[in-house]
Amino acid sequence: MNTIKFVTTLCFCILITACTSVPLSTMWKLRNFDPLQTDPSQMRIAVITDKIVQLKDDAVTIELSFASELPEHTFKNISNAIVKTNSTVQELDSKLTDNQRITLFYLDKKTADEMRLAQNRIRIIRQNDIEGQGSFSVSVNTGCFEGPKPKELKADIYAQLDTNNGYIKMISNIDLLNQIDQGEFWHECVDAAD
């Protein structure tokens, strides 16, 4: 009997504060989501933030992991997403206020191939009926803001897990400044010319 359980975690830097929420509609839409069947090259992560926030390559990571009592079957694949420059997400434009922007992230070919290898590794583990638990998570890890440090940096995070379905709101109203190790990750943007 296959005892592997897959958990879709919606976590950002491990900590989700009380002022954030996962919409019920998201949980419903993800009820049949299988991270092993998703093509990594089709994944898109859209982060809606205030225009003072700048998110660059590697600000968003996608983690696919498996945990087992057998150390040889415990691993994490952490994929750094890159910014899709000059991109628009018409589907999400209506969600923006005047002072917000969308930053869109995707996995380049090499990183998507590495995630495919991790998916295959978990498939093999499943075929061999090895007990354990898999997880899939998206994290916003780093960024900068223009001007003096604000009191909060609110964001909504959407994911497109394949091109056949639209964007799903993963997290609503997260305060990016309230994350773990914020001193390391969040800072004022410094112009390279300075």
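Residues are numbered from 1 along each chain as its sequence is written, and side-chain values rest on heavy atoms, with hydrogens and water left out. In this predicted model, local features require a pLDDT of at least 70 and side-chain atom pairs count only at pLDDT 80 or more, whereas totals for chains, interfaces and linings use all residues.

The protein chain has an average pLDDT of 80, and 77% of the residues score at least 70, pLDDT being the predictor's confidence in each residue on a scale from 0 to 100. Over residues 1–20 pLDDT stays under 50, although the model has 67 contacts beyond four places in sequence for these residues, a contact being defined by heavy atoms within 4.5 Å. Where pLDDT is low, the predicted coordinates should not be read in detail.

The secondary structure of the protein chain comprises four helices and twelve strands, taken as DSSP runs numbered from the N terminus (helices: H or I, at least four residues; strands: E, at least two). Of the 194 residues in the protein chain, 46% are buried, where buried denotes under 20% relative accessible area, exposed over 50%, and partly exposed the range in between (1.4 Å probe, protein chains only). Among contacts between residues at least 6 apart in sequence, 77% join residues at least 24 apart. The protein chain exposes about 10,600 Å², with carbon and sulfur atoms supplying 49% of this area, as computed by the Shrake-Rupley method with a 1.4 Å probe, only the protein chains shown counting as cover for residues.

One disulfide is counted, the criterion being a pair of cysteine sulfur atoms within 2.5 Å. This disulfide joins cysteine 144 to cysteine 189, with an S to S distance of 2.0 Å, and the link is right-handed, with 90° about the S-S bond. Because cysteine 144 belongs to strand S9 (residues 143–145) and cysteine 189 to the segment after strand S12 (186–188), the pair ties together parts that are 45 residues apart in sequence. Both cysteine 144 and cysteine 189 are buried.

Two charged side chains lie over aromatic rings, as judged by NZ of Lys or CZ of Arg within 6 Å of the ring centre and within 35 degrees of the ring normal. Arginine 121 is placed over the face of phenylalanine 75, at 3.9 Å from the ring centre, and lysine 84 over the face of tyrosine 106, at 5.2 Å from the ring centre.

Strand S10 (residues 154–160) includes glutamine 160, which is buried at a relative accessible area of 13%. Beyond its neighbours within four places in sequence, glutamine 160 is in contact with Gln42, Met43, Arg44, Asn165, Gly166 and Tyr167. Alanine 155 also lies in strand S10 and, at 2% relative accessibility, counts as buried. With residues up to four places away set aside, alanine 155 touches Val47, Ile48, Thr49, Ile171, Ser172, Asn173, Ile174 and Leu176, while the C-alpha atoms of alanine 155 and aspartate 175, 20 residues apart along the chain, are separated by 6.4 Å.

Lysine 51 is located in the loop between strand S2 (44–50) and strand S3 (53–54), and its relative accessibility of 41% makes lysine 51 partly exposed. Among the residues that lysine 51 touches, not counting those up to four places away in sequence, are Asp98, Asn99 and Glu146; the C-alpha atoms of lysine 51 and glutamate 146, 95 residues apart along the chain, are separated by 8.7 Å.
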